[in-house]
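I opened my notebook to look up a few things in this structure, one entry at a time.

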Amino acid sequence: CASEEIVKQNLHTFSNVHYYKGWIPERFKDVEHLTFSFVHIDVDLYQPTKDSIEFFYERVSKGGILLFDDYGTDTCPGAQLAIDEFFQHKSEPVILLTTGQAFIIKR
């Protein structure tokens, strides 16, 4: 877990980073007009994971990546459940990483 200051410090050399502090899904309206090539979802719990996937999936470009931080961890079973439910009937396989993370590549 990293503080907002550490994240900003680590990303300070990138000019295209924007921060939207607040609760999910309340901040989605601020980016609903955008298309994404990479989304990192790290919210631990079932409902915010579900809300995030439902919002971002349709906004991820073909070939884009959704990365799920909490997929393979015992402490966040709700996140894995939300991911598995959403992708159960999608063509993209959920690919588990040895780090406990998982990702999909949008088709």
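Entry 1: Is Val39 buried or exposed? I kept in mind that this is a predicted model. Val39 has 7% relative accessibility, so I noted it as buried, the cut-off being under 20%. I placed Val39 in strand β1. Next I looked up its contacts, leaving aside neighbours within four places in sequence: Val39 touches Phe56, Val60, Ile65, Leu66 and Leu67. I also checked Thr98, which lies 59 residues from Val39 along the chain; the two C-alpha atoms are separated by 19 Å.

**Entry 2: the aromatic rings.** How many aromatic pairs does a search of the whole structure find? I got 8 aromatic pairs. One of them joins Phe28 and Phe56, edge-to-face, with 5.4 Å centre to centre and 80 degrees between the planes. Phe28 sits in the loop between α1 and β1 while Phe56 belongs to helix α2, so this pair ties together parts 28 residues apart in sequence. I then looked at burial: Phe28 is buried with a relative accessible area of 9%, and Phe56 counts as buried at 12% relative accessibility.

Phe56 turned up again with another partner. Phe36 and Phe56 also make an edge-to-face pair, 5.2 Å centre to centre with 80 degrees between the planes. This pair links distant parts of the chain, as Phe36 is in strand β1 and Phe56 in helix α2, 20 residues apart. I noted both Phe36 and Phe56 as buried. Putting the rings together, I wrote down one aromatic cluster made of Phe28, Phe36, Phe55 and Phe56.

**Entry 3: charges over rings.** Which ring does the charged end of Arg59 sit over? I found the ring of Phe55, with the charged end 3.9 Å from its centre. Phe55 is also a member of the aromatic cluster I noted above.

**Entry 4: the largest pocket.** What volume does the largest pocket have? I read off about 1,800 Å³. It is lined by 33 residues, and the closest to its centre are His18, Tyr19, Tyr20, His40 and Asp42. I sorted the lining into 20 nonpolar, 8 polar and 5 charged residues. Helix α1 (4-10), strand β1 (36-41) and helix α2 (46-57) each supply at least two residues of this lining. The largest share, 6 residues, comes from β1, the strand in which I placed Val39.

Notes. Residues are numbered from 1 along each chain as its sequence is written. This is a predicted model: local features need pLDDT of at least 70, side-chain atom pairs count only at pLDDT 80 or more; totals for chains, interfaces and linings use all residues. Side-chain values use heavy atoms; hydrogens and water are left out. On a 1 Å grid over the protein atoms alone, a cavity is a set of points where a 1.4 Å probe fits but cannot get out, and a pocket is an open set with protein on both sides within 12 Å along at least five of seven lines; lining residues have an atom within 4 Å of a point. Grid points are joined across faces, edges and corners, and a volume is the space filled by probe spheres set on the points. Helices (H or I, at least four residues) and strands (E, at least two) are DSSP runs, numbered from the N terminus. Ala, Val, Leu, Ile, Met, Phe, Trp, Tyr, Cys and Pro count as nonpolar, Asp, Glu, Lys and Arg as charged, and the others, Gly among them, as polar. Buried means under 20% relative accessible area, exposed over 50%, partly exposed in between (1.4 Å probe, protein chains only). Contact means heavy atoms within 4.5 Å. Rings of Phe, Tyr and Trp (its six-membered ring) pair if their centres lie within 6.5 Å; planes under 30 degrees apart count as stacked, over 60 as edge-to-face and the rest as tilted. A charge sits over a ring if NZ of Lys or CZ of Arg is within 6 Å of the ring centre and within 35 degrees of the ring normal.
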